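Open the model in your viewer and keep the selection tool at hand.

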Amino acid sequence: MSVKITALEAENVKRIKAVALTPAPTGLTLVGGNNNQGKTSVLDALAWALGGEKFRPNAAQRDGAVAPAHLRVTLSNGVVVERKGKNSSLTVTDPTGRRSGQQLLNAFVEPLALDLPRFMEASDKEKADILLRIIGIGNELHLRDMEIKSIYDKRTFTGQLAQQKKHFADELISYPDAPEQPLSASDLIRQQQDILARNGENQRKRSQLSQLENKSRTLAQRREQLEAELARLTEEQAALTTDLYAARKSTEDLQDESTAELEASIQSIEETNRKVRANLEKARAEDEAAKYASDYDKLTDAIEQKRKERLALLNGADLPLPELSVEDGALTYKGKRWRDMSGSDQLRVAAAIIRRLNPDCGFVLLDKLEQMDMTTLEEFGHWLEAEGLQAIATRVSTGSECQIIIEDGMVKGADLPVLSAAPTQTRTWTKGAF
């Protein structure tokens with residue numbers, strides 16, 4: 001069972017003249033009153049009694065008081081805490097009657113339960129560190145966060161490179177009509193030489209035909225003059241006629257090839273190759289851009305996987321409240337960071353975390369709950385009851401929602417000295433109380 005405050009009696013502490021308080025064992029006990037009447041002094045008295053000298057008010061003694069400050073707090077585990085005398089000496093008595101000191105209280109009193117503003121005013125990282133320390137996954141979660149940050153930074157750099165490469169590729173000029181590879185001048189010259197050689201052979205054959213025709217004409221003319229040699233010439237002419245026939249046949253289908261296209265290619269080879277190189281450079285740039293874009297997508301997948309692992313780690317932890325988490329090193333509740341939470345959610349988160357810091361401490365002190373409307377107060381009180389948590393709080397109000405009203409340092413309506421009077425009975429929040 002966690003320890004609760006069962007009674008407080010205080011005299012001459014800060015603004016308190018004489019106050020007795022018996023808070024409800026669970027739920028919300030509101031100490032109300034106007035400003036400067038001693039409400040916060042009640043919480044300061046409890047914090048001083050239970051937290052030790054570090055919670056001692058700067059001006060602990062009430063102005064104008066003749067008697068010294070006197071505090072008596074009774075706890076649900078039977079421990080009685082008392083401060084009295086000129087030096088406000090501490091006496092802690094356990095249920096067996098043995099006397100002890102602050103060390104006994106430190107075992108079950110959580111300092112943050114006495115100083116909730118210290119937690120609520122802490123940085124986002126400090127709150128997150130407290131939560132992670134409670135659930136015991138701080139180191140593992142930090143490792144996941146570092147891995148995610150490393151991949152995220154790498155992905156950011158990769159994305160920037162991909163954008164730069166794409167922009168560079170888009171700026172490059174391309175020539176769709178250029179060949180895929182640069183041209184070779186030696187290959188073109190060799191092709192030209194082959195054509196010229198074939199054309200030379202054609203010319204040789206034409207020249208041979210002309211010679212044969214000339215010779216044929218000469219022989220015909222001489223035939224008339226050389227009748228004596230007719231037989232021999234006739235035989236020679238017959239052979240020549242055969243050769244002539246073959247030569248004519250071989251030249252009928254001859255057609256010279258043009259070297260104009262190759263000559264133009266040779267002349268424009270540098271321009272063509274410039275275009276080819278431009279196309280190749282653009283293609284390489286586009287390939288690089290596509291590669292970095294692909295790497296970016298893979299890193300995005302890796303980040304998502306790490307985030308899933310991180311979420312699984314948190315989901316598997318025993319959290320003080322459902323929907324509590326740590327995102328980017330900051331505590332969140334229902335997806336909202338501290339500054340975006342409502343005042344009631346902030347108090348709920350703070351109370352739950354402080355309760356988990358020391359489960360033996362079953363109470364928390366809250367100051368200035370006037371920011372809560374009546375509905376929120378009631379909801380907060382029901383939640384405290386469900387958690388078995390006791391909260392003693394102050395509120396600038398004299399309404400019926402307050403279980404005790406402080407007026408001029410005393411409980412309104414009480415006349416007897418506190419440490420000799422019966423404690424005022426209080427109630428807690430119940431459904432339909434308003």
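The tour below moves through this predicted model stop by stop.

**Stop 1: the whole chain**

Show the C-alpha trace first. Along the principal axes, the C-alpha atoms fill a box of roughly 180 × 40 × 40 Å. The radius of gyration is 52 Å, whereas a compact globule of 434 residues would have one near 22 Å.

Now colour by secondary structure. The chain has 12 helices and 14 strands. Switch to a colouring by accessibility: 42% of the 434 residues count as buried.

**Stop 2: α5 against α11**

Select residues 124-135 for helix α5 and residues 343-357 for helix α11. Their axes come within 10 Å and cross at roughly 45°. Roughly parallel would need an angle under 35 degrees, and roughly perpendicular 65 to 115. The two helices, α5 and α11, are therefore oblique to each other. Their crossing is left-handed.

From α5, Ile130, Leu131, Arg133 and Ile134 take part; from α11, they meet Ile353, Arg356 and Leu357. By class, this contact has 5 nonpolar residues, no polar ones and 2 charged ones.

**Stop 3: α11 against α12**

On the α11 side, pick Ser344, Leu347, Arg348, Ala351, Ala352 and Arg355. They meet Thr376, Glu379, Phe380, Trp383 and Glu387 in α12. The contact of α11 with α12 divides into 5 nonpolar, 2 polar and 4 charged residues.

**Stop 4: Lys17**

Centre on Lys17. Which loop holds Lys17? Lys17 sits in the loop between β1 (5-11) and β2 (18-21). Lys17 has a relative accessible area of 29% and is partly exposed.

Next, show what surrounds Lys17. Beyond its neighbours within four places in sequence, Lys17 is in contact with Ala10, Glu11, Asn12, Arg62, Asp408, Gly409 and Met410.

Finally, draw a distance from Lys17 to His382. These residues are 365 apart along the chain, and their C-alpha atoms are separated by 32 Å.

Technical notes: Residues are numbered from 1 along each chain as its sequence is written. This is a predicted model: local features need pLDDT of at least 70, side-chain atom pairs count only at pLDDT 80 or more; totals for chains, interfaces and linings use all residues. Side-chain values use heavy atoms; hydrogens and water are left out. Axes are lines fitted to C-alpha atoms, for helices over the stretch in contact, and angles run from 0 to 180 degrees between N-to-C directions. Helices (H or I, at least four residues) and strands (E, at least two) are DSSP runs, numbered from the N terminus. Angles under 35 degrees count as roughly parallel, over 145 as roughly antiparallel, 65 to 115 as roughly perpendicular and the rest as oblique. A crossing is left-handed if the near helix is turned anticlockwise from the far one by less than a right angle, and right-handed if clockwise. Contact means heavy atoms within 4.5 Å. Ala, Val, Leu, Ile, Met, Phe, Trp, Tyr, Cys and Pro count as nonpolar, Asp, Glu, Lys and Arg as charged, and the others, Gly among them, as polar. The radius of gyration is taken over C-alpha atoms; the globule rule is 2.2 Å times the number of residues to the power 0.38. Buried means under 20% relative accessible area, exposed over 50%, partly exposed in between (1.4 Å probe, protein chains only).
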